[in-house]
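I opened this notebook page to look up the covalent cross-links and the charged side-chain pairs. My entries follow the display.

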Amino acid sequence: MMWLNELIVFLLALESSFAGAGFHLVDEYGETILEEKQGLLLFDGGTVCDGHFFGPTEVYAICREMGFDSDNGWKYGLYWPSIQNSSDIKLADVHCLEPYWSMCTYRPTNPVLPECTHNNDVFMTCKGSIISCPSGMYRSYRICSQCPSNTYKAVEGTQTSCIDCPGSATSTPGSSSCSCRAGSTAIYGGSSCTCSSG
């Protein structure tokens with residue numbers, strides 16, 4: 001029965017890994033870019049509007065936030081319509097006082113801003129390459145760190161955090177899944193997993 005509990009938690013993690021979390025670059029086929037190559041900038045699965053302030057400081061800050069060493073240029077436009085038009089515009093008016101994401105302000109595009117169309121989507125090239133961490137570890141800039149107790153990361157990837165174990169489930173450091181405590185079973189309902197005794 002323990003394998004079923006771990007399988008359910010693994011499937012929840014797999015579902016979470018495909019939700020767009022934070023920034024990433026994609027190529028013309030929608031594949032994530034992990035090395036120095038121009039790509040469409042996405043934030044939480046949607047595009048980023050060039051806006052009024054976007055420039056070298058913002059590009060550098062975002063490249064560093066994604067785990068690259070630095071930037072190597074940017075442009076905006078409608079270059080890959082099939083990918084761009086199938087995505088919502090999620091972010092606009094990014095403005096960074098310093099080249100660090102923590103020093104940036106931005107505006108979510110809900111409701112959609114009239115000046116933001118896919119003709120203003122940001123494309124950028126970042127220098128270096130992003131490291132991919134194995135399951136049970138998350139990326140902390142240029143190194144992989146173990147997931148802390150009671151968190152997990154089920155799949156290899158570039159995620160910058162681990163997922164909290166649901167309910168009364170637990171895990172040891174570096175885990176790729178969570179387990180229910182002895183005497184409990186995992187119950188799957190919708191998008192959540194809980195541990196229940198009995």
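**Disulfides**

The torsion about the S-S bond of C147 and C162 is about -80°, so I logged this disulfide as left-handed. The link connects distant parts of the chain, 15 residues apart: C147 sits in the loop between β9 (143-146) and β10 (151-152), and C162 in the loop between β10 and β11 (163-164). I read 2.0 Å between the sulfur atoms of C147 and C162. I looked up burial next and found both C147 and C162 buried. I note here that the model is a predicted one.

I then asked how many disulfides the structure holds. The count is six. I followed up two others by residue, starting with C49 and C116.

C49 is joined to C116 by a disulfide, with an S to S distance of 2.2 Å. I looked up where the two cysteines lie. C49 is in the loop between β3 (46-48) and α2 (56-66), while C116 is in the loop between β6 (104-108) and β7 (122-127), so the pair ties together parts that are 67 residues apart in sequence.

The next pair I checked was C63 and C126, a disulfide with 2.0 Å from S to S. C63 lies in helix α2 and C126 in strand β7, so this link ties together parts that are 63 residues apart in sequence. I noted -80° about the S-S bond of C63 and C126, which is again a left-handed link. C63 and C126 are both buried.

**Salt bridges**

I turned to the charged pairs and asked how many salt bridges there are. The count comes to three.

D27 and K37 both lie in the loop between β1 (23-26) and β2 (39-43), 10 residues apart.

I moved on to D93 and R107, whose side chains form a salt bridge with 2.9 Å from N to O. D93 lies in strand β5 (residues 89-96) and R107 in strand β6, so the pair ties together parts that are 14 residues apart in sequence. D93 counts as buried at 11% relative accessibility. R107 is partly exposed, with a relative accessible area of 33%.

I found E115 partly exposed, at 36% relative accessibility.

Which residues are linked in a network of salt bridges? My last entry answers this: D93, R107 and E115 are linked in such a network.

Key. Residues numbered from 1 in each chain as written. Predicted model: local features only at pLDDT ≥ 70, side-chain atom pairs only at ≥ 80, totals over all residues. Heavy atoms only, no water. Disulfide = S-S within 2.5 Å. Helix = DSSP H or I, 4+ residues; strand = E, 2+ residues; numbered from the N terminus. Buried < 20%, exposed > 50% of the residue type's maximum accessible area, 1.4 Å probe, protein only. Salt bridge = Lys/Arg side-chain N within 4 Å of Asp/Glu carboxyl O.
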